[in-house]
Amino acid sequence: MKSTENWTIESIFEDWIAKKKLSQKKLSWLEANLRDSFIEMDRDFAKHYPKTVAPNWMRSELDNPNCLFEIQCVAELLDILKPRENDITRMIKISDFLKERGFLK
C-alpha cells in the first residue's frame, strides 16, 4: 500500500480506473486536494494560477465532455463517488468559477 505522501491525482485516478472504487482515505485525500487547490486558485488567480489541463486518458474515463482541467476531473470523480446531497456539485462550482474568470465558455 502506498503512503499518502506518494499519492498523486494521477495515481488515485489509476486506482479508480482499475477498481472502479476508492478507499475512504483516498476520497478524503482528493477532497482535501480539491479544497486546497480551489483556495489557491481563488487567491492567486490574478497571478496566472497554473491551470493544469487534464490528460486525455483521465478525461475519457470520466466520460464528461465538460472536463478539461485536472481540477474539474477531481471534482467530477468526487461527485461520482461521493455525491453531495442538497448542494451544487463540485464540478459545477469549479466550472462556474472558471467561466467567471474567462477560462471556459
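Select R35. It is partly exposed, at 48% relative accessibility (buried means under 20% relative accessible area, exposed over 50%, and partly exposed in between, with a 1.4 Å probe and protein chains only). R35 and D36 form a salt bridge, with their closest N and O atoms 3.2 Å apart. The term means a side-chain nitrogen of Lys or Arg within 4 Å of a carboxyl oxygen of Asp or Glu. Side chains of opposite charge can pair when their charged atoms come close.

A word on the model: it is predicted, with local features needing pLDDT of at least 70 and side-chain atom pairs counting only at pLDDT 80 or more, while totals for chains, interfaces and linings use all residues. Residues are numbered from 1 along each chain as its sequence is written, and side-chain values use heavy atoms, leaving out hydrogens and water.

Next, pick R84 and D87. Their side chains meet in a salt bridge, 3.5 Å from N to O. R84 is partly exposed at 35% relative accessibility. D87 is partly exposed as well, with a relative accessible area of 47%.

Go to R90. Is R90 buried or exposed? It is buried, with a relative accessible area of 4%. R90 forms a salt bridge with E31, and their closest N and O atoms are 2.7 Å apart. R90 lies in helix 5 (residues 90-100) and E31 in helix 2 (residues 24-44), so this pair ties together parts 59 residues apart in sequence. Helices here are DSSP runs of H or I, at least four residues long, numbered from the N terminus.

Now color helix 5. R90, M91, I94, S95, F97 and L98 are buried there. They cover an arc of only 155° around the axis, which puts them on the same side of helix 5. The arc is taken from the directions from the helix axis to the C-beta atoms.

Finally, show helix 4 (residues 70-81) beside helix 5. Their axes come within 7 Å and cross at roughly 160°. That makes helix 4 roughly antiparallel to helix 5 (the term covers angles over 145 degrees, on a scale from 0 to 180 degrees between N-to-C directions). Which residues of helix 4 make the contact? They are I71, Q72, A75, E76, L78 and D79. Contact means heavy atoms within 4.5 Å. From helix 5 come R90, M91, I94, S95 and L98.

Conventions. Helix = DSSP H or I, 4+ residues; strand = E, 2+ residues; numbered from the N terminus. Parallel < 35°, antiparallel > 145°, perpendicular 65-115°, else oblique.
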